[in-house]
Amino acid sequence: MDLNLAQNVINGTIPAEIRQLTKMQYLSLGINNLTGPVPPELGSLTKLVSLSFSSNNFSGPLPPQLGNLTSLQQLYIDSSGVNGPIPQELSNLKSLEILWASDNRFTGKLPEFFAHFMNIQDLRLEGTLLEGPIPSNYGALIKLQDLRIGALRNKDSSLDFVENMTSLSILSLRNCRIADQLPEKLISFRNLQILDLSFNKLTGQIPNSYQDFASLQFLDLGSNKLSGELPPNIMSSSLTALDVSFNSLSGYLPPKRSGLSMNIFGNSISDRTSDGGKASSTLSCLQGNTKCIDIGSSSSFSMNSGGTAIESADDTKYANDLETLSAASFYMSPNNQWAVSSSGIYISNPHGQKYTAQTGSQITGTLDSELYKTARISPTSLRYYGFGLSNGRYHVELHFAEIQMDDSHSWKGLGRRLFDVYVQGEKVLEDFNIQKEAGGSKRALVKTIGANVTNRVIEIHLLWAGKGTCCIPFQSTYGPLVSAIHVTQVAKSGRSSKNKKTHVGIIFGIVAGSAAGVLIVSSVFCLWWANRKAPSHMKVATDSTKKG
């Protein structure tokens with residue numbers, strides 16, 4: 001009746017003889033190394049209440065016979081390796097309360113028949129190849145408490161379907177091509193704690209009523225097309241993180257309070273305590289070919305992500321990048337040469353909200369083991385910027401070592417971290433797997449990318465698109481990770497130039513700071529503004545970026 005073989009390293013296929021276990025109610029095969037197709041014989045286990053085969057290496061589509069499991073209440077198939085269309089026969093699973101199906105190569109349209117799951121409370125579909133729009137009949141799923149859909153393709157969606165989902169505590173619709181305005185109705189969702197609508201095409205203003213959320217803790221509206229003034233009282237008493245970066249917002253920074261993190265980068269928002277006229281300086285380079293910044297020139301910068309200043313074996317000096325980041329952060333070095341922006345929240349991390357990783361183990365494959373013993377991590381988006389660079393061709397060295405995931409022969413070695421990397425707005429690495437490319441965990445890996453700088457700014461963006469395992473070896477082990485970055489201009493001889501200056505970081509909280517700081521922020525703002533039709537990634541004006 002109850003067979004739990006989860007968290008092992010069982011390989012091979014599921015035998016067809018499993019059909020004989022007709023009294024089975026709870027079957028868990030998750031976190032193993034099972035391969036081959038998911039056997040249609042599972043459809044014979046009609047008394048199943050819970051079925052899990054997540055985090056395996058299956059291939060092929062889901063068998064339509066799974067639609068025979070009409071008593072099923074829980075189905076965990078995330079990161080299982082299945083692909084193809086989701087079979088229509090699953091519409092028979094009307095008792096389903098939990099469906100985790102993220103990180104699979106499902107194709108076709110987001111199924112309308114999911115609206116038949118009238119008892120569903122937890123639905124997760126991130127990191128697939130499914131197409132939008134989100135069907136309007138999903139509005140019937142009024143028992144939903146946790147809804148996570150991400151990375152939909154082709155067609156735009158609206159937010160009309162959420163209007164009656166008042167039981168939601170988590171709503172994440174990141175990168176779903178939502179072309180709509182923010183609904184006032186959300187304010188009536190008394191249990192809503194996490195709202196992530198980032199990387200969409202939202203327009204209009206942020207409603208003033210959003211200050212009245214009863215339980216909201218995390219609000220991410222970054223990388224959209226929102227305009228107007230940021231509501232002055234947007235900070236509800238329960239809110240701990242607000243991200244409105246990369247929009248077209250104006251106005252003043254809301255009053256600060258303890259325990260709240262904010263990321264307003266890429267807007268025209270100023271501080272009431274500073275000269276209000278400085279906010280207008282962010283608009284100074286929006287009129288075409290005006291040069292965005294004119295501060296001291298540089299040809300390189302380097303930082304040890306999440307670690308102390310260090311000098312490598314080839315005499316490169318990596319700056320301190322130790323500043324504590326949070327769910328919505330922007331940090332700049334004191335000489336205004338580079339900055340880092342982090343967005344996202346680890347919803348189920350037992351270790352709390354940590355945005356750096358460390359190891360005491362030796363890193364192999366390098367003479368600079370210490371450089372790889374720390375890393376910056378992010379649950380969603382991690383961006384680095386270089387400012388005041390001389391225009392020209394650059395080499396971007398990205399240093400990686402997988403220091404969180406194991407490569408042991410136990411189940412703890414079955415995790416997969418996947419993320420994308422953009423340089424100057426161009427995707428240069430897709431579904432990048434550090435461990436696979438390096439040949440194991442705690443092994444150094446350097447990726448060198450060629451990039452053109454034409455407006456004295458460079459952007460490096462690491463983005464999680466919902467792919468990879470979520471919970472191996474522990475909850476919330478996913479998303480971008482980078483150990484160090486070294487950017488240097490290519491000399492005419494083809495070699496990289498070096499800048500040996502070190503940097504000590506300080507927090508840079510708002511646009512209105514030093515005059516140089518204002519000019520720098522305006523440089524990124526103007527570059528973003530010129531490309532605001534594609535809000536997912538700031539694309540710096542440049543020629544095509546090619547992998548070096």
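User: Before we get to volumes, what counts as a cavity here?
Analyst: A cavity is a set of grid points where a 1.4 Å probe fits but cannot get out. This structure is a predicted model, and it holds three cavities of 30 Å³ or more.

User: How much space lies in the largest cavity?
Analyst: The largest cavity has about 90 Å³ of space.

User: Which residues line the largest cavity?
Analyst: The lining of the largest cavity consists of Glu 126, Gly 127, Gly 150, Ala 151, Arg 174, Asn 175, Phe 199, Leu 463, Trp 464, Ala 465 and Gly 466. By class, these lining residues divide into five nonpolar, four polar and two charged.

User: And the largest pocket, how much space lies there?
Analyst: About 420 Å³ of space lies in the largest pocket. It is lined by 27 residues, and those closest to its centre are Arg 124, Glu 126, Arg 148, Trp 464 and Cys 470.

User: How many residues of each class are in the lining of that largest pocket?
Analyst: The lining of the largest pocket comprises ten nonpolar, ten polar and seven charged residues. Glu 126 and Trp 464, named for the pocket, also belong to the lining of the largest cavity.

User: Stepping back, what secondary structure does the chain have?
Analyst: The chain has three helices and 36 strands. Of its 548 residues, 58% are buried. Among the contacts with a separation of 6 or more, 61% join residues 24 or more positions apart.

User: What is the mean pLDDT of the chain?
Analyst: The mean pLDDT is 87, and 85% of the residues reach 70 or more. Over residues 498–521, however, pLDDT stays under 50, and the model has 64 contacts beyond four places in sequence for that stretch. Residues 528–536 are also below 50, with 22 contacts beyond near neighbours in sequence.

User: Changing topic: where is Asn 224 found?
Analyst: Asn 224 is in the loop between β15 (218–220) and β16 (227–229).

User: Is Asn 224 buried or exposed, and why?
Analyst: Asn 224 counts as buried because its relative accessibility is 0%, and the cut-off for buried is under 20%.

User: Which backbone oxygens does its side chain reach?
Analyst: The side chain of Asn 224 reaches the backbone oxygen of Leu 197 at 3.0 Å. It also reaches the backbone oxygen of Gly 222, at 3.2 Å.

User: What about Glu 229, buried or exposed?
Analyst: Glu 229 is exposed, because its relative accessible area is 55% and the cut-off for exposed is over 50%. Glu 229 is found in strand β16.

User: Which residues does Glu 229 touch, other than those up to four places away in sequence?
Analyst: Glu 229 touches Ser 250 and Gly 251.

User: What is Phe 114 in contact with, leaving aside neighbours within four places in sequence?
Analyst: Phe 114 is in contact with Ile 86, Leu 99, Leu 123, Leu 125, Tyr 138 and Leu 141.

Methods. Residues are numbered from 1 along each chain as its sequence is written. This is a predicted model: local features need pLDDT of at least 70, side-chain atom pairs count only at pLDDT 80 or more; totals for chains, interfaces and linings use all residues. Side-chain values use heavy atoms; hydrogens and water are left out. On a 1 Å grid over the protein atoms alone, a cavity is a set of points where a 1.4 Å probe fits but cannot get out, and a pocket is an open set with protein on both sides within 12 Å along at least five of seven lines; lining residues have an atom within 4 Å of a point. Grid points are joined across faces, edges and corners, and a volume is the space filled by probe spheres set on the points. Ala, Val, Leu, Ile, Met, Phe, Trp, Tyr, Cys and Pro count as nonpolar, Asp, Glu, Lys and Arg as charged, and the others, Gly among them, as polar. Helices (H or I, at least four residues) and strands (E, at least two) are DSSP runs, numbered from the N terminus. Buried means under 20% relative accessible area, exposed over 50%, partly exposed in between (1.4 Å probe, protein chains only). A polar contact is a pair of N or O atoms within 3.5 Å; within protein, one must be able to donate a hydrogen and the other to accept it, and residues adjacent in sequence count only if both atoms are side-chain atoms. Contact means heavy atoms within 4.5 Å. pLDDT is the predictor's confidence in each residue, from 0 to 100.
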